[in-house]
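I opened my notebook for another model today. Here is what I looked up, entry by entry.

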Amino acid sequence: MLDQRSVVAMLKAAAEPTRLRLLVLLAEGELNVKDLTRILGQSQPRISRHLKLMSEAGLIERIADGSWAYFQLVDRGASGTLVRGLLDAVNPADPAFERDRKRAETVKREREAAAQAYFRDHAAQWDRIRAFHVDETEVEAALVAAIGTDRCRLLVDLGTGTGRMLELFAGRAERAIGFDINHSMLAYARGRLEQAGLGAVGLRHGDLYDVALADGIADVVIIHQVLHFLADPLPALREAARILGGGGRLVIVDFAPHKMEFLREQHAHERLGFSGEQIGAWLAEAGLDAVTSQSLAPAGVDADGKLTVIVWTAVKPGTPGTAATTLQSRRKVEA
């Protein structure tokens, strides 16, 4: 329960038009100061001041990301209940909120377009670019251990890129499908898989925010070095959880928090790594549990200037085998 002083402070912090607009925007997902200044058309100092007041009052949380910071609504405990109650009383069709929402969608689309342009220009060099971190053989060994040796019905690789995950795990699945929104990456992956004698592996053009597969159809979903390119990772994790069947496993590979700012400008990274706390909170919100992680830190003379990679594994609650049943009992939507 909140004491009287805390409730009054939270209500005062929300009782200003711009700050209320900020709360409504953050209810749709995390945003940074740069995004918010563009959406609201106000100066950075002004937006930063509003965010500071709301953060101090306990309405929102600040998540450091290198020299940037992302903001999200407080969603736990009595503070979260109060914030949700405030927003439930707001009319979402208010013209100001609708304008903000449309501008937010434009900002996110522009960022995604910039990332896709980067992928298109670097498709053939993608595996070399990954030399920024610990040796890929170590990462792949950790992935093999996380996924296990049991053969599954359907393995899905979201943001498949060069198709390396499909190449690595196709032999462990009756069916393996990789989704990517970038045509250049898919063309490169298709050629690579054909050279490896894996031409039957499925490649689909598709958005990992809206995967063209039925609920509960997959046994294993992999998201390998993708989240740091996304403006909003949580919806992608929710979608991964949606297509997993009971007992299905989601495996995420991405960076630990770091300070290599040049990766934003030169390599289209949106996030400078993720903490275990952040990933754990997102996975719980997506409805997954049994989260484990393995940290792979670079070592030796080449360790300086390289990034630590973390492999997270989470499980979809439910009876194992649900995915296999779903394959037979539900209509599958093919891309």
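**Entry: R264.** I looked up R264 and found it buried, with a relative accessible area of 8%. For the record, buried means under 20% relative accessible area, exposed over 50% and partly exposed in between, using a 1.4 Å probe and protein chains only. R264 sits in helix α12, residues 262-267. A polar atom of the R264 side chain lies 2.9 Å from the backbone oxygen of E270. I count a polar contact as a pair of N or O atoms within 3.5 Å; within protein, one must be able to donate a hydrogen and the other to accept it, and residues adjacent in sequence count only if both atoms are side-chain atoms.

**Entry: ground rules.** This is a predicted model, where local features need pLDDT of at least 70 and side-chain atom pairs count only at pLDDT 80 or more, while totals for chains, interfaces and linings use all residues. Residues are numbered from 1 along each chain as its sequence is written, and side-chain values use heavy atoms, with hydrogens and water left out.

**Entry: the whole chain.** I noted 14 helices and 10 strands in the protein chain. These are DSSP runs numbered from the N terminus: helices are H or I with at least four residues, strands are E with at least two. Of the 335 residues, 51% count as buried. Among contacts with a separation of 6 or more, 70% come from residues 24 or more positions apart; contact means heavy atoms within 4.5 Å.

**Entry: N32.** Is N32 buried or exposed? At 2% relative accessibility, N32 counts as buried. N32 belongs to strand β1, residues 31-32. A polar atom of its side chain lies 3.1 Å from the backbone nitrogen of K34. Not counting residues up to four places away in sequence, N32 touches W68, A69, Y70 and R111.

**Entry: helix α2.** I then turned to α2, residues 17-26, where eight of the 10 residues are buried. Among them are R19, R21 and L22. At the start of α2, a side-chain oxygen of E16 reaches to within 2.8 Å of the backbone nitrogen of T18.

How do α2 and α3 (residues 33-40) cross, and at roughly what angle? Their axes come within 12 Å and cross at roughly 120°. Axes here are lines fitted to C-alpha atoms, for helices over the stretch in contact, and angles run from 0 to 180 degrees between N-to-C directions. The contact is made by T18, R21, L22 and L25 of α2 with L36, I39 and L40 of α3.

**Entry: α1 and α5.** I also checked helix α1 (residues 4-14) against helix α5 (residues 77-88): their axes come within 11 Å and cross at roughly 35°. V7, M10, L11 and A14 in α1 meet S79, L82, V83 and L86 in α5.

**Entry: nonpolar cores.** The largest nonpolar core has 35 residues, and V156, L158, V221, I223, L237 and L250 have the most contacts inside it. Such a core is a set of buried Ala, Val, Leu, Ile, Met, Phe, Trp, Tyr and Cys residues joined through side-chain atoms within 4.5 Å. The largest share, six residues, comes from α11.
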